[in-house]
Amino acid sequence: MLNRPATRPARPHFSSGPCAKPPGWSPDKLDTRVLGRSHRSGLGKERLQTCIDLMRETLWVPESHRIAIVPGSDTGAFELAMWTMLGARPVTCLAWESFGAGWVTDAVKQLKLDPTVLRADYGALPDLSQVDWTADVLFTWNGTTSGVRVPDGDWIADNREGLSLADATSAVFAYPMPWPKLDVTTFSFQKVLGGEGGHGVLILGPRAVARLESFTPDRPLPKLFRLTKDGKLNEGIFKGETINTPSMLVIEDAIFALEWAKSLGGLPKTTMRTRENAAALDEIVEARGWLSYLAGDITTRSHTSVCLKVEGADADFIKRFTRLLEAEGVAFDIAAHRDAPPGLRIWCGATVDTANIEALGPWLDWAWEQCR
Ligand SMILES: Cc1ncc(COP(=O)(O)O)c(C=O)c1O
């Protein structure tokens with residue numbers, strides 16, 4: 001029998017959302033001056049604007065694109081875009097895992113649209129060359145539950161007539177985003193920044209703004225989704241004048257993470273840390289015959305939510321395996337998503353330290369032997 005490995009990951013946080021806090025994070029490091037004050041006070045607006053400015057700087061978002069903080073995490077941001085913009089022209093949805101499939105459900109059952117749906121099984125990607133860009137196209141940049149991502153933005157037509165709507169919640173800060181190709185981009189702080197849930201980020205390019213100002217959907221819109229006033233974009237929302245009251249604690253927590261990302265050197269460094277983590281995990285996978293990737297194609301394999309198959313494992317095995325590692329304080333939340341095939345999912349985003357991934361390898365062997 002294998003002994004327990006000598007080294008434990010210093011931070012056993014490998015969840016794919018909410019993800020590990022940035023290294024060095026602690027609650028007493030948050031700036032709390034604004035707590036207990038109005039979010040519409042001078043200070044409140046300044047802190048919301050600081051958060052927006054830091055996102056623009058660290059993600060290299062051009063001035064052509066507007067950034068808003070909205071309610072409801074990534075789901076809120078993406079549904080806000082769907083509800084306000086879809087219906088003007090045909091819609092295509094790409095779905096290759098649970099979240100993309102969720103947007104199909106929204107489009108069909110709630111919005112009563114009749115989208116073209118391009119699907120692929122867990123581990124694969126639909127044929128992106130089949131996408132007709134006369135339609136509005138919805139996709140997840142990184143499918144968090146299957147560990148499959150789009151390779152880049154080259155497949156998004158420059159001369160598209162429709163809008164590109166990217167749910168990029170497990171992608172931003174991990175891959176460079178081709179902003180001119182993205183009309184709508186959404187994410188939430190809880191993923192690659194290691195922030196909290198509750199608020200989403202909505203990034204709109206000029207074509208999305210033109211859609212909002214030229215198209216009034218034939219459906220009721222809750223106040224939470226209203227981005228226009230008298231047919232014009234409500235610019236205040238993109239300057240920190242949020243639609244309703246935000247959690248300033250979530251914002252301060254996000255500012256901490258963004259300042260951490262900035263201190264590293266921003267996007268080049270957060271993408272590099274992510275790649276290094278995925279490479280460290282790759283060494284572990286390649287050295288073990290009983291571990292393999294759910295995503296077959298290396299060019300579209302996620303660097304963030306890495307999904308692994310475990311030889312012969314069913315859901316019960318994965319439960320025992322992951323509970324054992326959790327009880328040892330070695331790895332939290334590494335079971336595959338409930339909608340995905342049984343397996344492991346190990347987050348490799350920038351807030352994880354490579355040494356912690358490296359320390360995980362021997363523990364996976366130990367748990368494998370215990371559970372077999
Ligand atoms: C691709 C994708 N879309 C949407 C969501 C939902 O995000 P939230 O819970 O922040 O709304 C997730 C969460 O894991 C996700 O991975």
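A residue counts as buried when its relative accessible area is under 20%. Keep that cut-off handy for the exercises below, and remember that this is a predicted model.

**Exercise 1. Work out how well covered helix H5 is, and what covers it.**

Step 1: Find the helix. H5 runs over residues 248-264, which gives it 17 residues. From its first C-alpha to its last it reaches 24 Å, close to the 24 Å expected at 1.5 Å a residue.

Step 2: Apply the cut-off. 12 of the 17 residues of H5 are buried, so by the under-20% definition the helix is mostly covered.

Step 3: The buried set includes Met-248, Val-250, Ile-251, Phe-256, Leu-258 and Trp-260. Charged residues are on the list too: Glu-252 and Asp-253.

Step 4: Look for the neighbors. Among the elements covering these buried residues are helix H1 (42-59) and helix H6 (267-286), along with strands S1 (66-71) and S9 (199-204).

Step 5: Check where the helix stops. Just after H5 comes Gly-265, with a positive phi of about 125 degrees.

**Exercise 2. Decide whether Ala-295 is buried or exposed, and find what it touches.**

Step 1: Locate the residue. Ala-295 is in the loop that links strand S12 (291-293) with strand S13 (305-310).

Step 2: Compare its area with the cut-off. Ala-295 has a relative accessible area of 2%, so it goes down as buried.

Step 3: List its contacts. Leaving out residues up to four places away in sequence, Ala-295 touches Gly-123, Gly-147, Val-148 and Arg-301.

Step 4: Pick one of them and check the spacing. Val-148 is 147 residues from Ala-295 in sequence, yet their C-alpha atoms are 5.8 Å apart.

**Exercise 3. Zoom out and describe the whole protein chain: what is its secondary structure, and how compact is it?**

Step 1: Count the elements. The chain has eight helices and 14 strands.

Step 2: Test the size against the globule rule. The radius of gyration is 21 Å, close to the 21 Å the rule gives for 372 residues, so the chain is as compact as a globular protein of that length. Along the principal axes, its C-alpha atoms fill a box of roughly 70 × 50 × 30 Å.

Step 3: See how the chain packs. Of its 372 residues, 58% count as buried. Take contacts between residues at least 6 apart in sequence: 72% of those join residues at least 24 apart.

Step 4: Finish with the surface and the charges. The 41 positive and 46 negative charges have mean positions 4 Å apart.

Key:
Residues are numbered from 1 along each chain as its sequence is written. This is a predicted model: local features need pLDDT of at least 70, side-chain atom pairs count only at pLDDT 80 or more; totals for chains, interfaces and linings use all residues. Side-chain values use heavy atoms; hydrogens and water are left out. Helices (H or I, at least four residues) and strands (E, at least two) are DSSP runs, numbered from the N terminus. The radius of gyration is taken over C-alpha atoms; the globule rule is 2.2 Å times the number of residues to the power 0.38. Buried means under 20% relative accessible area, exposed over 50%, partly exposed in between (1.4 Å probe, protein chains only). Contact means heavy atoms within 4.5 Å. The place of a charge is taken as NZ of Lys, CZ of Arg, CG of Asp or CD of Glu. The expected span of a helix is 1.5 Å times one less than its number of residues.
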